[in-house]
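Here is a short briefing on one protein chain. Please look at the sequence and the model before reading on.

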Amino acid sequence: MSVTSSSSLKTAVIGVGSMGKHHARVYKELPEAHLVAVADLSESNARFIAGTYGVRVYSDYLRMLDEERPEAVTVAVPTSLHRRVATDAMESGADVLVEKPIASTAAESETLIEKAEMLDRKLMVGHIVRFDPAIQALKRHLDDGRLGKIFQIVCRRVGPFPSRIRDVGVVVDLAPHDLDVMRFVSGQEPLRVFAETQQEIHTAHEDSMSALLRFGNGLTGVLEINWLTPTKVREVLVVGECGMFRVDSLTQDLYFYENAQANGEMWDALRVLKGVSEGRMVRYPLQRFEPLKAELRAFINAVLNDDPVPVSGEDGLAALRLALALVESGRTHQVVSLNKTRDGAKAVGL
């Protein structure tokens, strides 16, 4: 890994578009980070961000890496460039946070992971939803057994079409968020998936998907994503023996809807779910914070303390493999079983 002699890291951002500009802002705000430069092919875009935060500007990211020698770099370029740019950053001596998805293909992702291991660099993937305070609280409650056995996880991520997207469809762009959340909160891996996709507005890729996932412990995942809904919805539901948790990521709220028949001393004595009825609803008080700031702080601290990053390259690869399996299922209209082959999935007939 890169070595620093101070309590803050020299940081830089490659790609300061819709997401990268926020990375630059947060690096400027974090005391653990010292933003030194930004790079972007759009010179006007790069100059505006650099001027806003008083840092040096480059249109050539290789020149920036060579002249500035940043110790930690965010890569927020189009997905098709992730492997090349992240590799160049690691070879220059920097630890890297690459925005999700980790790369365009499973093979490219594996190459990045192998490169990080060979160079002894940290490679973190920007699955920002993990750092939502409501998702973090949900994970703690599930780990504590508050819900008992988990039956189902439902994720909805819908909203208007984003003009910024050109190189991927809605599945690869958005599904990794919720696929990572499903893996994170359940601690389980899907065995097979099935998806129905539509292409209504996007000129080259799908812009709507409804999917089912089956996990090894019997848990079912339901995922709805699209770029067709005129209002944003960001919702996670987790249903189990003792009731249901609901996360609203737009407001960072966590609710619990109790199953009244799985409550109190009777439940502790029987431990057999015999019915479901409506109980109380609890809205948990949460300390709200910006998920991106929590994510970048975790990245910087992992580098400074030489700790494992909280979202590894393997996590990013797992989410990408699932997203690509969903794309394949939508294309072939078949169930896709996940295995350990290089492409991560194979289709099997219904």
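Leaving aside neighbours within four places in sequence, Asp315 is in contact with Arg130, Asp180, Arg183 and Pro310; contact means heavy atoms within 4.5 Å. The model is predicted, so local features need pLDDT of at least 70 and side-chain atom pairs count only at pLDDT 80 or more, while totals for chains, interfaces and linings use all residues. Residues are numbered from 1 along each chain as its sequence is written, and side-chain values use heavy atoms, with hydrogens and water left out.

**Asp315 and its helix**
- Asp315 lies in helix H10, residues 313-332.
- Helices (H or I, at least four residues) and strands (E, at least two) are DSSP runs, numbered from the N terminus.
- Asp315 is buried, at a relative accessible area of 15%.
- Buried means under 20% relative accessible area, exposed over 50%, and partly exposed in between (1.4 Å probe, protein chains only).

**Packing of H5 and H10**
- H5 and H10 pack at an angle of about 175°, and their axes are 10 Å apart.
- Axes are lines fitted to C-alpha atoms, for helices over the stretch in contact, and angles run from 0 to 180 degrees between N-to-C directions.
- The two helices, H5 and H10, are therefore roughly antiparallel, a label for angles over 145 degrees.
- On the H5 side, the residues that meet H10 are Ala106, Ser109, Glu110, Ile113 and Glu117.
- Their partners in H10 are Gly313, Glu314, Leu317, Leu320, Arg321 and Leu324.

- E4 (residues 72-75) runs parallel to E5, joined by 4 bridges; strands pair if DSSP finds at least two bridges between them.
- Val73 stands opposite Val96 in E5.
- E6 (residues 123-126) is also parallel to E5, with 4 bridges.
- Val98 stands opposite Val125 in E6.
- From E5 the chain crosses through H5 (residues 106-119) to E6, in a right-handed β-α-β crossover.
- Right-handed means that, with the strands pointing away from the viewer, the path from the first strand over the helix to the second runs clockwise.
- E4, helix H4 (residues 82-91) and E5 also make a right-handed β-α-β unit.

**Whole protein**
- The protein has 10 helices and 16 strands.
- Of its 350 residues, 55% are buried.

Key:
Angles under 35 degrees count as roughly parallel, over 145 as roughly antiparallel, 65 to 115 as roughly perpendicular and the rest as oblique.
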